[in-house]
Number of protein chains: 4
Amino acid sequence: MDGFPFSCPIQVRWRDLDAFAHVNNATFATYLEIARTAVWHEHFDGREAMDISFFVKNLAIDYKRPVALYDKVQVWLRVGKIRGASFTFEYVVEANGEIAAEAMTRLASVNNTTGRPIRMSPGMRAMLEKLQTD
Amino acid sequence: MDGFPFSCPIQVRWRDLDAFAHVNNATFATYLEIARTAVWHEHFDGREAMDISFFVKNLAIDYKRPVALYDKVQVWLRVGKIRGASFTFEYVVEANGEIAAEAMTRLASVNNTTGRPIRMSPGMRAMLEKLQTD
Amino acid sequence: MDGFPFSCPIQVRWRDLDAFAHVNNATFATYLEIARTAVWHEHFDGREAMDISFFVKNLAIDYKRPVALYDKVQVWLRVGKIRGASFTFEYVVEANGEIAAEAMTRLASVNNTTGRPIRMSPGMRAMLEKLQTD
Amino acid sequence: MDGFPFSCPIQVRWRDLDAFAHVNNATFATYLEIARTAVWHEHFDGREAMDISFFVKNLAIDYKRPVALYDKVQVWLRVGKIRGASFTFEYVVEANGEIAAEAMTRLASVNNTTGRPIRMSPGMRAMLEKLQTD
C-alpha cells in the first residue's frame, strides 16, 4: 500500500463476525489496535513504555466493504500529524487486496503515575517521524 | 441529557476492560451498538427489518474520560441528518453523570437480497424524524 | 431458581451473537464472569481484594439451548465445594425461563505480590459459605 | 505436540487481555474456536457444511498458566470420541512452548433446516477419523 511504511496481517476469527456474517464494525477498531500493538513492539523502545502510556482520544473509521471470515486481511499504518503530547495513526484495512476501511486514531501521551498529559520525549518523536510519509 | 430523546443503560463487563483496567476504546463502539439495538427494538417496525438492513458506513468517537468497571454508564442517542438511503445517529456516552465520549455513526440502508443501497421508506423516515431534535 | 442464592441479569448484546445469530459459546463464559463480578461487588469485602486475586483454574459449560438477542437472560450462582486455596462457583444460565446452560468454574486464590496460591482467610471462607446451599 | 495432528497459531490481541494483563479465561474458548475454524477450512468438505452445522454442546478448559500479550501461542487439536451425531475435539493451548491450557469441546451435528440433531455422514466420519490418534 503506497505511503504506508508498516503493515500487520490480521487473523480473522469466527468470533469477529456478527449475525450478518461479516466482521462487526467495532471489531475494526480492534484490528487497528492489533496494528498499533505490533508497530509498538517492533519499533518503539520498551523503556519509554514504562513511564508513559498512550490513550486513544479520537477514533474515526470509514467502512468501504464488508469483510468475511476467510478474507486475507492486512492493516496498513503510518503516522500522521505529531503534536507535543499527541499524534495520529492513519490506517487502511485491506481485505483480499481491496480497501475495506480507512481509519484514524489520535493518541495522547499520558504520565503513568499522574494520569496527566505529558510531552513526548525527543526520542519518541524521532521514532514516530520514521513512520511518517508526508 | 438535553437534546437526546433516547437512552439506554449499559451493563459494563469485566471483559470490557483492557490491561489499563479501563473500558477498551473498541468497546465504546459496542456500547453505541447496544443503544442502536435497543432503539431499534423499541421504536422501529419489525416488518421493515425483514427487507432492509442498516450497515455502519462511518464511525467517529471522541473519548473524554476513562470508564471503570463499576461506573454507571448510559448511552444517549438521537438521529442527526437523514438522507435518502442513510442517516446518522449521534451519541453521548455518560459515566457517573459525566460525559465519557461523544460519537456519531452513519448507517446506510441496504436491500437484504441484493446487498445494494436502497431508499428508506416514508414510514422509516417518519420514525427516524421522531428521534431528531434539530 | 431453586438452590441458587444469587442471580444477575445479563444485557445481551448484538456483539454477543455469532454468524449463527445465537450467543456465541465463548460468550457464555463471559456471562458467568459478569455474575462473578456482580456477586463479588455485592457480597465480598473490598479490602481482601487488594491482597489476593482469584484466577479461573477450571471451566466447564454444558449448553442446553441457543440464546437469541432479545431473550431475557439471567445467571444464577451458588458456591459449591470450598477447599483451602480454591472453591467452585456453580451456575445456571436461564433464557426466557428455560435453562440455556449449566456451568462450573473453580477459582484459585493467588497472592497478588508473589503470584503463588494462598490459603483463603476465615473471613473469605465465611462469606463463601453464605452462598452455599448444601 | 505428540498425538495432536493439527495445530493453528493464534494472533494474541491486546483486546484478549483483561485487567490482570493476562489473556481472559473466556478468550481461551475463542482460541479453541479459531483452531476449529482452521481445521474445518483445511480438512472438511464445503458441500457438507451447507446442510449441517456443528453446535458446541460441552466445553471444558483446565487453565495451567497465564498467557501474556507477546507469548507465542499455538492451539493443538485432535478428534477424540466419535458418536453418531456428535464428536469431541481435544486441545492443548501452548504458550512459549509450555502448556497453558488443556481443553475439550463436544460438537453435535444439527440439520440446518430443522435445527434437529442429525447423524453424520460416512464421509464426515471418515474425515474426523483422520484426526484421531487413538
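**Chain contacts and strand pairing in a predicted model**

Within β2(B), Ala60(B) is the bridge partner of Ala60(A). This pair belongs to an antiparallel arrangement in which 5 bridges join strand β2 (residues 52–63) of chain A to β2(B); two strands are said to pair if DSSP finds at least two bridges between them. Strands here are DSSP runs of E with at least two residues, and helices are runs of H or I with at least four residues, numbered from the N terminus. The model is predicted, so local features need pLDDT of at least 70 and side-chain atom pairs count only at pLDDT 80 or more, while totals for chains, interfaces and linings use all residues. Residues are numbered from 1 along each chain as its sequence is written, chains are lettered from A and ligands numbered from 1 in the order in which they are written, and side-chain values use heavy atoms, with hydrogens and water left out.

Turning to the interface of chain B and chain A, 21 residues of chain B are in contact with 21 residues of chain A, contact meaning heavy atoms within 4.5 Å. The two chains bury about 1700 Å² between them, with 50% of it on carbon and sulfur atoms; buried area is the accessible area (1.4 Å probe) that two parts lose on being put together, summed over both. On the chain B side, the most area is lost to chain A by Asn25(B), Leu59(B) and Tyr63(B), which together account for 30% of what that side buries. Two elements of chain B, α1 (25–43) and β2 (52–63), each give two or more residues to the side that touches chain A, and β2(B) supplies the largest share, 11 residues. By class, this side has 10 nonpolar, 6 polar and 5 charged residues, where Ala, Val, Leu, Ile, Met, Phe, Trp, Tyr, Cys and Pro count as nonpolar, Asp, Glu, Lys and Arg as charged, and the others, Gly among them, as polar.

Next comes the interface of chain B and chain D. Here 10 residues from chain B and 10 residues from chain D take part in the contact, and the buried area is about 910 Å², of which carbon and sulfur atoms give 57%. In chain B, Trp14(B), Arg15(B) and Ala19(B) lose the most area to chain D, together 67% of what that side buries. The residues of chain B that touch chain D divide into 5 nonpolar, 2 polar and 3 charged.

Strand β2 (residues 52–63) of chain D is joined by 11 bridges to strand β5 (residues 98–111) of chain D, and the two run antiparallel; Phe54(D) stands opposite Ser109(D) in β5(D). Strand β4 (residues 86–95) of chain D is likewise antiparallel to β5(D), with 10 bridges, and Val93(D) has Ala101(D) as its bridge partner in β5(D). The hairpin of β4(D) and β5(D) has 2 residues between the strands, and in this hairpin Asn96(D) takes a positive phi near 50 degrees.

Finally, Gly80(B) lies in strand β3 (residues 73–82) of chain B. Gly80(B) is buried, with a relative accessible area of 12%, since buried means under 20% relative accessible area, exposed over 50% and partly exposed in between (1.4 Å probe, protein chains only). Leaving aside neighbours within four places in sequence, Gly80(B) is in contact with Thr88(B), Glu90(B) and Gln132(B).
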